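Student: I would like to go through this model with you. Could we begin with the terms for helix packing?

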Amino acid sequence: MLAFLIRSLEAAMIFTFAGLGELVDQRSGVLNVGLEGIMLFGATLGFIAAQTTGSYLVGFLVGIGIGALLGLLHGFFSITLGVDQVVSGMGIWIFGFGMTTYIGNPYTGPLGLERLPTWFGISPFFFLAIIMVAVVWFLLNKTGWGLSIRSVGEQPSVAEVSGLKVARIRYLCVIFGGVMAGFAGAVYGLYYNPVWNYNFLMGWGFISLALVFFSMWNPYLLFGGAVLFGLLWQLSLNPQMFFPGLASRYIWRMVPFAMTILVLILISSKWFRSRWGATTPEALGKPYYKE
Amino acid sequence: MTVAGYHIRLQRRTNLPGWKAALFSILAILFGLFLFSLIFWQAGQSPREIYKQIFGYAFFNSYGLRLTINRFIFLAFASYAFIIPYRAGLWNIGMPGQLYLGALAAFGVVYLLGGKTGEMTASQPVVITLMVLAALLAGALIGGIAGFLKGKWNVNEIVVTMMLNFIAFNLVAFMIKDGGPFMNLGGRGESFELPEAARAPLIAGFPYTLILVILLMIAIYLLFARMSLGYQIRAFGKNPPAARYAGVNPFWISVLVFLLGGALAGLAGYHYFAAVPGVYKIARTYGYFGDLSFYGMICGLISLGNPIATLFVALLFGGLSIGGRSAQGKLHLGFGVDYALMGMLMISLVAFQFFYHYQILITKQATPATARQYE
């Protein structure tokens, strides 16, 4: 039971890392639906780097680095070139999906390094995730930087007039989003599920994206949602714990995805939106053209 | 920016003539192919040789051409499945799930008629009609879920279709593995083989689904060019609030485009598992075909949602992925060259989106006074 809870919290921390980056990203007005692709890249290249050098540190750094690069690429497409943000994000996802399948294939199999140490059975990354949630909340809501980010995401033209560099702020946020996604991918590939297989992320990037919508762009709600999703996911992977002998394993494997859809429906409903107050960044998904 | 007396600046386009759009799409494909050739270059092969080999196998080798056409039919259905919602401004990335369910439904018909145990007595036309209808219906149903949720509660269709893909993937595994009802009695983790009467008839060596592809192209073209429904879909895609004021019902448009898209993806599943010669079963590697259907997204985007242009792109990509696979085998490259191709084409396509929106103006610098005005 304890192992089950710990596993759920560890899944939650991965959703949290990826979701926090995307949250900041969206707060500045840039939607990145290519989260899955960045996470796949972070997981795959981090895995390969760690396996070839034998060092976890290198693996994580590579994951973060590739995440930053892909974030920059998304920024270049969507901010500088003014490409539709969904098209660009989809492009990054398919790029990640296709390339990691090709690049990672020779490395199919377990990582073969000693497991990362834990504190009382739970990964230290979990505590890092909690700290990050608080830090991001504080930065967004209590500092001048946060105000700049939010204003760029609400009314970019007004922000520009009041002296903010819209493009620069958005670039920084997109790169931050990429770094967090790359890191989340690396944690997945190096710690949570250190057995490379093609597309082994199983849509976790898309789930993290859904969590950002769920969170109403509030880091604390994001974390709460991540824990909920982590629990549901683990529950459906270990049905025998609660419902022994019921239905095939393939049927149970559908459950987390079905749960995701149900939760999405719930959070998209008027009831939920009005209860928590929808705060969609006004300029989300709209390219900004300096006149 | 001024370079050597010439003034270079960017201007946003207000409209884009068709021939220019086509030109940029072709350039995007060529650039994608250039990126793709880097893989072979890295493996020590000259790109020219490789492309000679890829195209030679895909289009000028009678065995390879057959594979290319079969894959082309598949990609065409998958592209149609993407295009119709795309014209309404909605993203269908649920082609894999829709095609799995289409295949399952088609096999379900044969199973119910006793085809698994060899007791099927129904005649070929009846069986095949039922299979196609079942595939259309099943694809439409799973696609329709996303459309319904989008229309009713504005639930993000990208995430929903992605989740449905995983659900459908596991449903197929449940049906064909571990003693599922469709399991091959040989127990190889694949479905039972279709009996003779359930196999699609061949016309000149190609499955009859090729004709469906052409007919559907005409139908989709007419839908968007001539029919009021197509006009409503396009209007909704361009400007949803304006369309709503003009009397377009957003709920019905969302549901309808996903029903149509899903049905067409269902046909893609029917085609690959029940109409391609030599297959006639849901293979153990069915997930590969689900992944391939994402090529449909690239075809649809690169042809800007035009069903006629899509066909040419689908033919090209079908050939490239078949030829790439063959070259991969000959050169002992890693698995997944066709996945890499997909990634390269997609990223190139995104980069070229820039040219759809901007044009680069290069003018000779006149007098210093006017030049200063621009800067």
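Tutor: A crossing is left-handed if the near helix is turned anticlockwise from the far one by less than a right angle, and right-handed if clockwise. The model is predicted: local features need pLDDT of at least 70, side-chain atom pairs count only at pLDDT 80 or more, and totals for chains, interfaces and linings use all residues. Residues are numbered from 1 along each chain as its sequence is written, with chains lettered from A and ligands numbered from 1 in the order in which they are written.

Student: Which hand has the crossing of H9(A) and H12(A)?

Tutor: The crossing of these two helices is left-handed. Helices here are DSSP runs (H or I, at least four residues), numbered from the N terminus.

Student: At what angle do H9 and H12 of chain A pack?

Tutor: H9 (residues 204-214) and H12 (residues 249-268) of chain A pack at about 20°, their axes being 10 Å apart. H9(A) is therefore roughly parallel to H12(A), a term for angles under 35 degrees. Axes are lines fitted to C-alpha atoms over the stretch in contact, and angles run from 0 to 180 degrees between N-to-C directions.

Student: Which residues of H9(A) meet H12(A)?

Tutor: A:Ile207, A:Ala210, A:Phe213 and A:Phe214 do, facing A:Thr260, A:Val263, A:Leu264 and A:Ile267. Contact requires C-beta atoms, placed from the backbone, within 7 Å.

Student: Changing topic, how many residues of chain A are in contact with chain B?

Tutor: There are 39 from chain A, in contact with 38 of chain B. Helix H4 (85-104), H9 and H12 of chain A each give two or more residues to that side.

How values were computed:
Angles under 35 degrees count as roughly parallel, over 145 as roughly antiparallel, 65 to 115 as roughly perpendicular and the rest as oblique. Two residues are in contact if their C-beta atoms, placed from the backbone, lie within 7 Å.
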